[in-house]
Amino acid sequence: MGGHGAVQPRAVVGRDLDGFPFEVLVLRLVEGGAAADVAYLDDGNVERAVPFEELVVDPSARSHNAQFLDKLWEDSMATMAAEDEEEAAGAPNLRPCTPAPDAEGRFEDGAVLVS
């Protein structure tokens with residue numbers, strides 16, 4: 001992306017994921033201004049710390065309903081604040097992860113890897 005000037009909180013920018021273009025709302029700048037937390041306009045999912053190199057400012061992008069963008073921004077910020085509080089309180093991480101087998105190669109669900 002050429003220049004970060006247009007990437008400011010509440011700006012709508014492009015995000016390319018494996019050749020599929022998505023529009024995202026910039027929620028806040030992070031990592032000393034080198035990345036941004038964003039919310040996807042299509043489903044509201046939040047992605048944290050997206051490097052500016054992966055965001056594209058398109059001045060010809062279509063305009064969006066300001067009320068929709070304001071609500072998405074507020075809801076996304078509230079979601080991130082709640083996640084941050086849970087993490088700070090030591091709540092278990094409920095995000096998906098890859099399970100690890102025990103010493104005998106068994107997973108908690110009883111599955112066994114055979115090699």
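Trainee: Which pattern does the protein chain follow along the sequence?

Mentor: Remember that the model is predicted. Read along the sequence, the pattern is β-β-β-β-β-α. That gives one helix and five strands.

Trainee: How does strand β1 join β2, parallel or antiparallel?

Mentor: Antiparallel. Strand β1 covers residues 12–17, and six bridges join it to β2. Take V12 as an example: its bridge partner in β2 is L25.

Trainee: And how many residues lie between β1 and β2 in the hairpin?

Mentor: Two. D18 sits in that turn, and its phi is positive, about 50 degrees.

Trainee: What about β1 and strand β5, how many bridges there?

Mentor: Two bridges, again in the antiparallel sense. Strand β5 is residues 55–56. G14 has V56 as its bridge partner in β5. So β1 pairs with β2 and also with β5.

Trainee: Then what is phi of E31?

Mentor: Near 55 degrees, a positive value, and E31 is not a glycine.

Trainee: Where does E31 lie?

Mentor: In the loop between β2 and β3. Here β2 spans 20–30 and β3 spans 35–40.

Trainee: Is E31 buried or exposed?

Mentor: Exposed. Its relative accessible area is 57%, and the cut-off for exposed is over 50%.

Trainee: What is phi of A49?

Mentor: Also positive, near 55 degrees, and A49 is not a glycine either.

Trainee: Where is A49 found?

Mentor: In strand β4, residues 46–51. So A49 has its positive phi within a strand, whereas E31 lies in a loop.

Trainee: What is the relative accessible area of A49?

Mentor: 29%, so A49 counts as partly exposed.

Trainee: Changing topic. What share of the whole protein chain counts as buried?

Mentor: 23% of the 115 residues.

Trainee: How much accessible surface does the protein chain have?

Mentor: About 8000 Å². Carbon and sulfur atoms hold 54% of that surface.

Trainee: Last one, on contacts. What share comes from residues 24 or more positions apart?

Mentor: 38%, counting contacts in the protein chain with a separation of 6 or more.

Methods:
Residues numbered from 1 in each chain as written. Predicted model: local features only at pLDDT ≥ 70, side-chain atom pairs only at ≥ 80, totals over all residues. Heavy atoms only, no water. Helix = DSSP H or I, 4+ residues; strand = E, 2+ residues; numbered from the N terminus. Buried < 20%, exposed > 50% of the residue type's maximum accessible area, 1.4 Å probe, protein only. Contact = heavy atoms within 4.5 Å. Areas by Shrake-Rupley, 256 points an atom, 1.4 Å probe, with all protein chains shown as cover.
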